[in-house]
Amino acid sequence: MLDHFSRTLIDAGIANAILLSVIVVVVVFTRQPARRVVLAQTGVYAALLMYPLVASNPSLRVYPVDWLLRTGVVPPPLTPEPNRFDFVGPVVPGPAGRTPPRGRPAASQAEWPSGERLVRVATLLYLAGASVGLAWFGLGLWGFQRLLGRSSEARPETRRVFDELIADLERSPPQPELRVSTWLRSPVLGGVTRPTIVIPAEIEEVDVDRDALRLVLLHELAHADRGDAWFNALAALAQIFWFFLPHLWWLRAQLRIDQEFLADRKAAGPLGETTHYARWLVGLSSGRASRALASRKLDAAPTPSRSWIGRSFDTPMLQRIAMLLYCPFVVEDRPPRWFATGVPTAFMLAAVALSTFRILAPVDSTVLLHEAQAADPVVRSFQVPEFVVVPARPNDGRPNPAYVLPLPLPTAFNLQAEILATPRALAQIRIAGCPLLPESEAQALLADAAPDDVPPTNHAYTLRHEYRSLKASIDGREFDLDPRILADAHWLTITPALDETATIRDLLINW
């Protein structure tokens, strides 16, 4: 299961890296904040859906590395190949009493590439990092709920300003809640299911200007109208799940600054004076919420903060002020309809297409679409054109010792063969320790004392071993086997019948 998860994670991570790289480039060359928000949101949705798309086992799977090798674009030596198996003794023991190979091959040989320790360790480290991120995210939700629990109702004067603003904007219900907290130095909007505006207690001081208070509430209501609170939670989850991709870190930071741009324009618009709003931002940036909102301070030029002296426009606050005062183009409040629908649709279709790409072979070999070839970099196969199963000579008191073929049994595989045998021989032969017939049917055939004069006939046999299941099929009749049969099966073996010869043709095993 860990190998399957790691392979799916690698494929989904590569697909996400390709798609998010394109989105980042498009965001860089898009100047409208509303359009950049749509692009960032599309990247977040694609990142969250990529792993389910890859793991959902779509009908179409594309192996680009395999295709490059088959077409000759990439030389075969550039791809990893497993080492030759180290055998002890002859490779095919027979009735002459030859010694079969002893021991079990190394995991990197028998389970390549699913047995790579480096991939498993990296996957465990990823799970640990994602768990820490989820714990931190849960701690943040708990902290905000604790903040709400210790907050208080707004004063009647503040509540009156808020209600008047709601009426002027003609907002449809449900309306955000308004709370006051002594723990904050600047207003915030939080809450996933029910948005809540929390303002610092010092904003409710007596000398606070009424219009300045409207600025605060207009800014937070603009965030609530766009659903920034709950979508920021989705962006945080995407960043947690794909924390090793720098694209999401950059997109999330860009998303937050663009959300602030749009909220600033919405808040400053009703007053018609962006300079008025910019002065308040300068005062609020140093944590002076009450002084920034005081009427005596709004008309005076604010004192520059020392931390800004000699700095370029590399901080979010300076970028917000620059967008308010020096923006060289008209800022769109909403993106055009064609952009809001067409661009996300195109990128999501690209995400579905990228989810079909596979770099590594799946652990479950039954999803392979093409027959394995010798130069295939992601699929391994072992084929025996014809194998005559002669009753073996008794060895060490065992009536029918098994033939050992030169193949370490893979962890998951798909085996198929055509068997020419009588019903009694079919009831005794075993491949990799697995019977060819259901147990009840085999016992009934062996219990019949009548001579078997039935000539041998051809039978189609398949054996499929997956994670926790082992299924066999004879002539299209499928039956379940106990997976513990393969617990001690380290090599591919064929157990002959006691006194009858059979022939196995076109034995092919893929893994």
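## Overall organisation

Among contacts in the chain between residues at least 6 apart in sequence, what percentage join residues at least 24 apart? The share is 75%. The structure under discussion is a predicted model.

The chain contains 16 helices and 14 strands. Of its 511 residues, 45% count as buried. The accessible surface of the chain amounts to about 26,400 Å², and carbon and sulfur atoms account for 58% of this area.

## The four-stranded sheet

An open sheet is built from four strands, arranged in the order S6-S13-S8-S9 with antiparallel pairing. Its edges are formed by strand S6 (403-408) and strand S9 (434-435), each of which pairs on one side only. In general, strands of a sheet pair through backbone hydrogen bonds, in either a parallel or an antiparallel manner.

Within this sheet, strand S8 (residues 430-431) is joined to strand S13 (residues 491-495) by two bridges in the antiparallel sense. Ile431 is placed opposite Ile494 of S13.

## Nonpolar cores

The largest nonpolar core comprises 41 residues. Leu415, Tyr461, Leu463, Leu492 and Ile504 are the members with the most contacts inside this core. Strand S7 (residues 413-421) supplies the largest share of the core, namely five residues. A second, separate core has 40 residues, including Leu19, Val37, Leu255 and Ile257.

Leu507 lies in strand S14 (residues 502-510). Is this residue buried or exposed? Leu507 has a relative accessible area of 2%, and because this value is under the 20% cut-off, the residue is classed as buried.

When residues up to four places away in sequence are set aside, Leu507 touches Phe382, Gln383, Val384, Leu415, Gln416, Ala417, Leu492 and Ile494. Leu492, another partner of Leu507, is among the residues with the most contacts inside the largest nonpolar core. Ile494, also touched by Leu507, is the residue of S13 that stands opposite Ile431.

Key:
Residues numbered from 1 in each chain as written. Predicted model: local features only at pLDDT ≥ 70, side-chain atom pairs only at ≥ 80, totals over all residues. Heavy atoms only, no water. Pairing = 2+ DSSP bridges. Buried < 20%, exposed > 50% of the residue type's maximum accessible area, 1.4 Å probe, protein only. Contact = heavy atoms within 4.5 Å. Core = buried A, V, L, I, M, F, W, Y, C linked by side-chain atoms within 4.5 Å. Areas by Shrake-Rupley, 256 points an atom, 1.4 Å probe, with all protein chains shown as cover.
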